[in-house]
Amino acid sequence: MAADPTQLQRLALLLGPDPFHLENLVNHLMSSSNDQRSAAESLFNICKQAHPESLLLRLAQLVSSSAHTEVRAMSAILLRKHLTRLAGNDDSFLYPRLSESTRSAIKNILLSSLQRETTKSIIKKINDTVSELAASILPDGGWPELLPFMFQCVTAQNHNLQESALLIFARLAQFIGETLIPHLSTLHELFLNCLSNSTSAEVRIAALNAAISFIICLSNNNDREKFQDLLPLMVRTLTEALNSKQEATAQEALELLIELAGSEPRFLRKQIVEVVGSMLQIAEAESLEEGTRHLAVEFVITLAEARERAPGMMRKFPQFVHSLFMVLMKMLLDIEDDPVWHSAESEDEDAGETSNYGFGQECLDRLSISLGGKTMVPVASENFQGFLAAPEWEKHHAALIALAQIAEGSSKVMLKNLEQVVSMVLNSFQDPHPRVRWAAINAIGQLSTDLGPDLQIKYNQRVLPALAGAMDDFQNPRVQAHAASAVLNFSENCTADILAPYLDGIVSKLLVLLQTGKRMAQEGALTALASVADSSQDQFQKYYDAVMPYLKAILVNANDKSNRMLRAKAMECISLVGMAVGRDKFRDDARQVMNVLMSLQGSQMEADDPTISYMLQAWARLCKCLGQDFLPYMNVVMPPLLQSAQLKPDVTITSADSDVDIDDDDSIETITLGDKRIGIKTSVLEEKATACNMLCCYADELKEGFFPWIDQVATTLVPLLKFYFHEEVRKAAVSAMPELLRSAKLAIEKGQSHGRNESYLKQLSDYIIPALMEALHKEPEVEICASMLDSLTECVQVSGPILDENQVRSIVDEVKQVITASTARKQERAERAKAEDFDAEEGELLKEENEQEEEIFDQVGELLGMLIKTFGASFLPFFDELSSYITPMWGKDKTAEERRIAICIFDDVVEQCQEAALKYYDTYVPFLLEACNDENPDVRQAAVYGVGVCAEFGGSVFKPLVREALSKLNVIISDPSAHLSDNAMAYDNAVSALGKICQFHRDRIDSAQVVPAWLSCLPIKNDLIEAKLVHDQLCSMVERSDRELLGLNNQYLPKVVHVFSEVICAGKDLATEQTTSRMINLLRQLQQMLPPAALASTWSSLEPQKQLALQSILSS
């Protein structure tokens, strides 16, 4: 297409000798007028495509020589965008298209601009351009002049130049640190010189930045150690800034040191006493700005949290923990008794709280989680006593708030001192100051969550009456409302039996609050009623008729904006009460409630209306309660639900060092990735997560009834398997996958699939299973990996044989990858255990992390078991491939859980592949027999179960092993502690295995001894699956009058009658209905065979109620 002549003319002017035209264009690119800006962008892009060399050269000249600061600044930004790949996309990356001479000219202009420029903000932009360009071309020798130039700048007398060079070194360390290792000694010298001798604070901060960036980028510890002597100078940079009253500079230094503490805490180890001591002095200095003191605290807490890199280090210095705790307690005293708090007209629960107070709270929580209870509780106890004995209400309040904050991290130690903890809190229920009483109630609520269910079991008789009393405090509605909220926390971790004696009192008080309390108390009462109903289930029936009319009245009448939350909580409460009392009781009210919800759903609601989220959840609970009766409402429920599930995350991206502060907005969560700061609106994510969970609920509850929605839900949820902004969204998507397949399969089987057939299930399975595996491959969270494996197992169970060989191959490859990754993580933890400060508490935390890995192995075992059950012998080639991953799991150095899983996988192979599995006996059965006497009862159970299946399917291959197997089983069965609860499952499986040896290998045993020994172990009552099989076997043996079983002259018949009687009286637990009816018939016959005395003695050995039950069964 021919170029427009006027456009050619404008391009010629832009790139001509007069800079005015290009300056004008750059100004227009910054214009606030959309039209002017768009026209300028269009012309700039044409110029960029047609004459990239001339354009970039002219821009470089503008950076260097334009008289207008804003033009120099914008030109530097444009230059950076087009010279570097880091800053923009590939369309903008023009450097490779430039000739060598242009490249050279631009690089020279950039360096001379650095020497000439005096405006700080523009110097920073030129620094960025130089750093990013150097990062991409320096490693390949593309800018040989740069390092000599920078070394020269650092030694120059010009402070701006020194600062620039140091900041560029800092950025290069982040981008290409390894490239600069040959210059380490020179750099060390330069940093040392600038930190110790420079008279400019900016230069010292830049040197601090560069030194820290280098220390962090070095992978070799010896290289890092060369910088140890800089540490005192680094800290001096901070203290000098504070002494000169330059707090902004000090805060910059603190932020850099925090980065060092987080990335390389071990670097600080040798001088930790001096460094942390200085930080605590800053934290304690009340004359300093809050921001400075908070950063000093953040430094110490960052060190405490650096568990992966310096496990246990801060626990070695209890004096620091004590000082820091005192600093944080003083921050909690920074609270005012604001009248707004007492009037309780608004949600303003934090009225009177300062930023110091909020920061103190957050830090106590973090400190407790990172250091653990053994370190925190003694320090806290000592401080709390003094605070509670003091006259000021603020000190009482601070002690209770601090207790609630440290409970999560210190729960194990607090549980050992529960009496002391509970008494301390309950005594404060009587404090004269309402804010202290509120804090005591708050502590009980938090402890109910963190120390439950122990707290609920041991102290319900003290806690619930205290909370009920607090609900009578009509002078202080905020205290009342909080007492109701604490009832919610208490009952969430509570059984119906514990709540039952208190229900009358609590429900009646909550109803009084609903009718007479302020709105805040009414909202608290609704959530408490919902939780109490949920925990007490059908015991709530008797309160239903009293409670439901109030709830419906609120739902219908609370229409104005100020009551939105009240109405939303009424929805929640109604749906939970409905679920508790069940369909029959709730049915009539349910229809009225659903009509109200339907009219609400059709109305216009504001984006921040809490009704939306609460309604999504209420609908799903109503569905759970009503089951298939809910189907007619699905057309109303699903469209808005899908809309919520499809919400796009509301993301703001800024530069990590930008001045726009998005951290201060509570509704936005921020994460920093490289040089970008990403802010995400949490309310959108929470609504999305709720909606995804509800979709999963509907699929689970409605089964085949959910079929019409499968396509829309699958295309919504499958991409969310990789939604890394929010874990709950991923978890919900993962849980939904097998439910969608199950719904499709059931609908096809029951003819409710609108003409779709098996090929639809195959298509759905081909969409879901590969996506699930790809997500598993990329999943960063161990817990979600385990859920994904679990979900994959269920998908295989549903899809089964329709999976093709390639899909099975990719599942097996993924299993290998999962085992390898898990083993690597455990190895990395084992390395951590070698750290110098590693202690018992770190050991505990490490053990918990490794337990998560066991969940992964457990799910791998389940998945392989399902594949073996589904594909039988055709899976064995894959099993052979996996054996090098599974065999090491039998090792003595592995955890009991890994050994158990490895045994279970082999048990599945033997059971499902039968004859085809005989080739593995030589390898695995010796392991199996050895594991029969493992110290772990779960391993023993899996092993003796395996002995049983080998006896059943091993035929002649197993016969030579019978004697050793008997001896192993005998050890388990004759152990005096065999019937203790831990050992009971292993015992039952050993008895079952013994029965199989009697059945399949009688020619290899002394049957006159072994069979009666087996009978003497019956009935078995713990493993109900094995019990049914074993008692069926006994029944068959009696039916065929097994000689060894009945004994000479039927001497064992009374024992048989006794076992039959026990099994029959146990109902459906110990035998199938079919086996039970066979036993009843046999008993009627045996009654005739046994002499009356023997019969009478057998009956009398049964408990009286069993005798009566049996007589009635036999006579009917």
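Visitor: Which helices do the buried residues of α13 pack against?
Guide: This is a predicted model, and in it the buried residues of α13 pack against α10 (184-197), α11 (201-217), α14 (247-263), α15 (272-284) and α16 (290-305).

Visitor: And which residues of α13 are the buried ones?
Guide: The buried residues of α13 are L231, L233, M234, V235, T237, L238, A241 and L242.

Visitor: How far does α13 reach from its first C-alpha to its last?
Guide: Helix α13 covers residues 231-243, which is 13 residues, and it reaches 18 Å from its first C-alpha to its last, close to the 18 Å expected at 1.5 Å a residue. Just after α13 comes K245, whose phi is positive at about 60°.

Visitor: Let's zoom out. How many helices and strands does the protein chain have?
Guide: The secondary structure of the protein chain comes to 55 helices and three strands. The C-alpha atoms fill a box of roughly 125 × 75 × 65 Å when it is taken along the principal axes.

Visitor: What share of the residues count as buried?
Guide: Of the 1116 residues in the protein chain, 54% count as buried. The chain exposes about 47,800 Å², and carbon and sulfur atoms supply 51% of that area.

Visitor: What about contacts between residues 24 or more positions apart?
Guide: If you take the contacts in the protein chain with a separation of 6 or more, residues 24 or more positions apart account for 72% of them.

Visitor: And the charges, how far apart are the mean positions of the positive and negative ones?
Guide: There are 100 positive and 153 negative charges in the protein chain, and their mean positions are 3 Å apart.

Visitor: What is phi for Q537?
Guide: Phi of Q537 is near 50°, which is a positive value in a residue other than glycine. Q537 lies in the loop between α29 (519-536) and α30 (541-557).

Visitor: Why does Q537 count as partly exposed?
Guide: Q537 counts as partly exposed because its relative accessibility is 33%, and that category runs between the cut-offs of 20% and 50%.

Visitor: And N1049, is that one buried or exposed?
Guide: N1049 counts as exposed because its relative accessibility is 76%. N1049 also has a positive phi of about 50° although it is not a glycine, and it is found in the loop between α51 (1043-1046) and α52 (1053-1065).

Visitor: One last stop: where is S31?
Guide: S31 has its place in the loop between α2 (20-29) and α3 (34-50), and it counts as buried because its relative accessibility is 11%.

Visitor: What does the side chain of S31 reach?
Guide: The side chain of S31 reaches the backbone nitrogen of S33 at 2.9 Å. If you leave aside its neighbours within four places in sequence, S31 is in contact with Q36 and R37.

Definitions and conventions:
Residues are numbered from 1 along each chain as its sequence is written. This is a predicted model: local features need pLDDT of at least 70, side-chain atom pairs count only at pLDDT 80 or more; totals for chains, interfaces and linings use all residues. Side-chain values use heavy atoms; hydrogens and water are left out. Helices (H or I, at least four residues) and strands (E, at least two) are DSSP runs, numbered from the N terminus. Buried means under 20% relative accessible area, exposed over 50%, partly exposed in between (1.4 Å probe, protein chains only). Contact means heavy atoms within 4.5 Å. Accessible areas come from the Shrake-Rupley method with a 1.4 Å probe; for residues, only the protein chains shown count as cover. Lys and Arg count as positive and Asp and Glu as negative; His and the chain ends are not counted. The place of a charge is taken as NZ of Lys, CZ of Arg, CG of Asp or CD of Glu. The expected span of a helix is 1.5 Å times one less than its number of residues. A polar contact is a pair of N or O atoms within 3.5 Å; within protein, one must be able to donate a hydrogen and the other to accept it, and residues adjacent in sequence count only if both atoms are side-chain atoms.
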